[in-house]
Amino acid sequence: MPHPLRVAVIGAGVAGLAAARELRREGLDVVVFEKSQHLGGTWRYNPRIDSDPVGSDPNREVVHTSLYHSLRTNLPRQLMGFLDYPLPDRPDGDSRTFPGHEEVLWFLNRFADEFELRGLTRFGCEVVRVERVAGRSDSWVVESRTCESVLSREIFEAIVVCSGHFTEPRVPTIPGIEKWSGCQIHSHNYRVPEPFRDQIVVVIGFASSAFDISREIAKEAKEVHIATRSPDVKVMKLANHDNMWQHKMVKCVSEDRLVAFDDGSSVYADVILYCTGYKHHYPFLETNGIVTIEDNRVGPLYKHVFPPALAPWLSFIGIPERDIIFQMTDLQCKWVARVLSGKVLLPTEKEMLADVEEYYQQMEKDGFPKHMTHYLHFKEIGYCNWLAAEAGLPPIEHWREEMYLESIKPFLLGMLENYRDEWDDAHWNAIIKNASL
């Protein structure tokens, strides 16, 4: 009887835990490598920050998580669990529909205990290099290092990368920034608002983190000025806020702390806070140029998961953005596990490459830049249904699609004030109840 396929999973966050469960369900031999002493990945709050608050120093001491203390989920709790393992209410927990990060971490620990995933995980064990054995696509050397600096090398037949993409800050290039004398920090290193007391702060970005953080620091700061590349932005003082203004993008900065905006206005600022996203970063992975990262495009990847030339022995979980993260991750893991167990066949390398090239061409035709390769562009539900079909599962329940679309409306309409606390729980509870009849 052949031995079960040996699979290395890198990371014990949402993706790594989901992958470990599905791979073991398929009878595979799974080892999860986790750099820290705890599971949860980015959902484990740490008050510490990187030694370089902007994140540009490659030799900086890195803190994995990007959570700030007050963070709440962007999606309702009904969408924050796995398809067959929802996020439950608990008597002494955070019962809000959009709970804080502590509730998500509690859920992940419960999930790991329920499916006995801790026993598969090597905590305090950092993967420092992953490389194919010469001449073979189904044999990989994994070099890891313990917190005591003990190095080891092992052979695995498949690698599933679940290391996340919220650790390596993405920072725009601003003319004059090398001489600007103020403080700079990326949202990756934001934790609490008190350090910004009485400061004039420029926040660059327009996504959910920029919205939440700017409102929170405005309670402490003297002034908050939000700058964005969004072509639809209205240059104005924000309603219901005495000390917040909205601008077009930063044009340039100067040594005397002047920050000039594209709309012609300017302000002398103490802090520039970048809420500008993250870069995909896999410093441990050596593929001899088969998988590259160019302008935040990891590629080529078939359906954002498999590099055609290395499939199915190398896969990536959780790369897409603008999605229903737990649901999508769950389905990606189910698909990968069934492929590795031999129950589902991938197309040929040539067919997968053709699919990737067609996707790139369609992106270019639709006017999307390369760095948005892994944004699903309102195709989240279609992508999840495609994954479900590949994994032999029924389509996503209609109420999930409806709830997701309703939950992203505030972002699309720019109406994020208090949306989490104005959610119509009774309406959605009735819809879910009727769907289950």
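Figure 1. The structure holds zero disulfides, a disulfide being a pair of cysteine sulfur atoms within 2.5 Å. Cys147 is exposed, with a relative accessible area of 53%, whereas Cys275 counts as buried at 6%. Buried means under 20% relative accessible area, exposed over 50%, and partly exposed in between (1.4 Å probe, protein chains only). The model is predicted: local features need pLDDT of at least 70 and side-chain atom pairs count only at pLDDT 80 or more, while totals for chains, interfaces and linings use all residues. Residues are numbered from 1 along each chain as its sequence is written, and side-chain values use heavy atoms, with hydrogens and water left out.

**Figure 2. Strand β1 and its two partner strands, β2 and β7**. Helices (H or I, at least four residues) and strands (E, at least two) are DSSP runs, numbered from the N terminus. Four of the five residues of β1 (residues 6-10) are buried. β1 pairs with β2 (residues 29-34) in the parallel sense over five bridges, and Arg6 has Asp29 as its bridge partner in β2. Four bridges join β1 to β7 (residues 158-161), again running parallel, with Ala8 opposite Ile159. Two strands pair if DSSP finds at least two bridges between them. Together with helix α1 (residues 14-25), β1 and β2 make a right-handed β-α-β unit. Right-handed means that, with the strands pointing away from the viewer, the path from the first strand over the helix to the second runs clockwise.

**Figure 3. Tyr85 and Phe111, an edge-to-face aromatic pair**. A search of the whole structure finds 23 aromatic pairs. In the pair of Tyr85 and Phe111, the centres are 5.4 Å apart, with 70° between the planes. Tyr85 lies in the loop between β2 and α2 (101-114) and Phe111 in helix α2, 26 residues apart. Rings of Phe, Tyr and Trp (its six-membered ring) pair if their centres lie within 6.5 Å; planes under 30 degrees apart count as stacked, over 60 as edge-to-face and the rest as tilted. Both residues are buried, Tyr85 at 8% relative accessible area and Phe111 at 0%. Tyr85 and Phe111 belong to one aromatic cluster with Phe82, Phe107, Phe115 and Phe326.

**Figure 4. Helix α4 and the pair of Trp335 and Trp386**. The ring centres of Trp335 and Trp386 are 5.0 Å apart and the planes are at 85°, so this pair is edge-to-face. Trp335 lies in α4 and Trp386 in helix α6 (residues 380-390), so the pair ties together parts 51 residues apart in sequence. Trp335 is buried at 0% relative accessible area, while Trp386 is partly exposed at 24%. Of the 16 residues of α4, 14 are buried, so the helix is largely enclosed by the rest of the structure. Gly342, which follows α4, has a positive phi near 90°.

**Figure 5. Arg6 and Arg215, each over an aromatic ring**. Arg6 lies over the face of Phe156, at 4.2 Å from the ring centre. Arg215 lies over the face of Phe211, at 3.8 Å from the ring centre. A charge sits over a ring if NZ of Lys or CZ of Arg is within 6 Å of the ring centre and within 35 degrees of the ring normal.
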